[in-house]
Amino acid sequence: MINDDFRLTNWINGLDSLRIWLALIVLLSHIEPATLLEGLEGQFIFFKVLSGIVGYALVGVCAVISFFIISGIVIHFPYRFDKQLNISEYYIKRYLRIGIPMLIIAGIAYVLRLDIQNFPFWSLYCELIYYTVYPIILVYIRKGGSVKRLFYSFFLISY
């Protein structure tokens, strides 16, 4: 049985902190701080251990996957029962949330004359796709569609 307090809550404590840490791991994995310790590993065992810890702790791919999973939870959590989704408000909030950082990054790249192709925009595109498709998924589930069938249909489409 679901607790009434849980039904009324629109947030899970700690998710924001976890998302910030995951985003930081992704950022640091692009900078590759383990290379800062190169050459020092042979000097002292401490640097060898520190290099190993940094190298294994900053796995960007795992952080991105975790971030996507948590983003899915964050998007769906307020609507998990019967709360109505205001489509226009939803799309405006979601597209601004992704669009503004994309424009800032593109602007910085333009000003610094950097090649925009070298920026990791793919994860932002993935989030935009999920944000765009989520209302359709929500309608499908609320009309009695099975999450299991929905998952299998996406799996089959991808092959």
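Me: Is Glu89 buried, partly exposed or exposed, and why?

Reply: This is a predicted model, where local features need pLDDT of at least 70, side-chain atom pairs count only at pLDDT 80 or more, and totals for chains, interfaces and linings use all residues. Residues are numbered from 1 along each chain as its sequence is written, and side-chain values use heavy atoms, leaving out hydrogens and water. Buried means under 20% relative accessible area, exposed over 50%, and partly exposed in between (1.4 Å probe, protein chains only). Glu89 has 41% relative accessibility, so Glu89 counts as partly exposed.

Me: Which side chain meets Glu89 in a salt bridge?

Reply: Side chains of opposite charge can pair when their charged atoms come close. The rule for a salt bridge is a side-chain nitrogen of Lys or Arg within 4 Å of a carboxyl oxygen of Asp or Glu. Here Lys93 pairs with Glu89 at 3.9 Å, N to O. The count by this rule is 1 salt bridge.

Me: What about Glu127, which has no salt bridge?

Reply: Glu127 is buried, and the nearest side chain of opposite charge, Arg19, is 5.1 Å away (Lys and Arg count as positive, Asp and Glu as negative; His and the chain ends are not counted). Leaving aside neighbours within four places in sequence, Glu127 is in contact (heavy atoms within 4.5 Å) with Phe67, Phe68, Ser71 and Ile98.

Me: Where is Glu127 found?

Reply: Helices are DSSP runs (H or I, at least four residues), numbered from the N terminus. Glu127 sits in helix H6, residues 122–142.

Definitions and conventions: Helix = DSSP H or I, 4+ residues; strand = E, 2+ residues; numbered from the N terminus.
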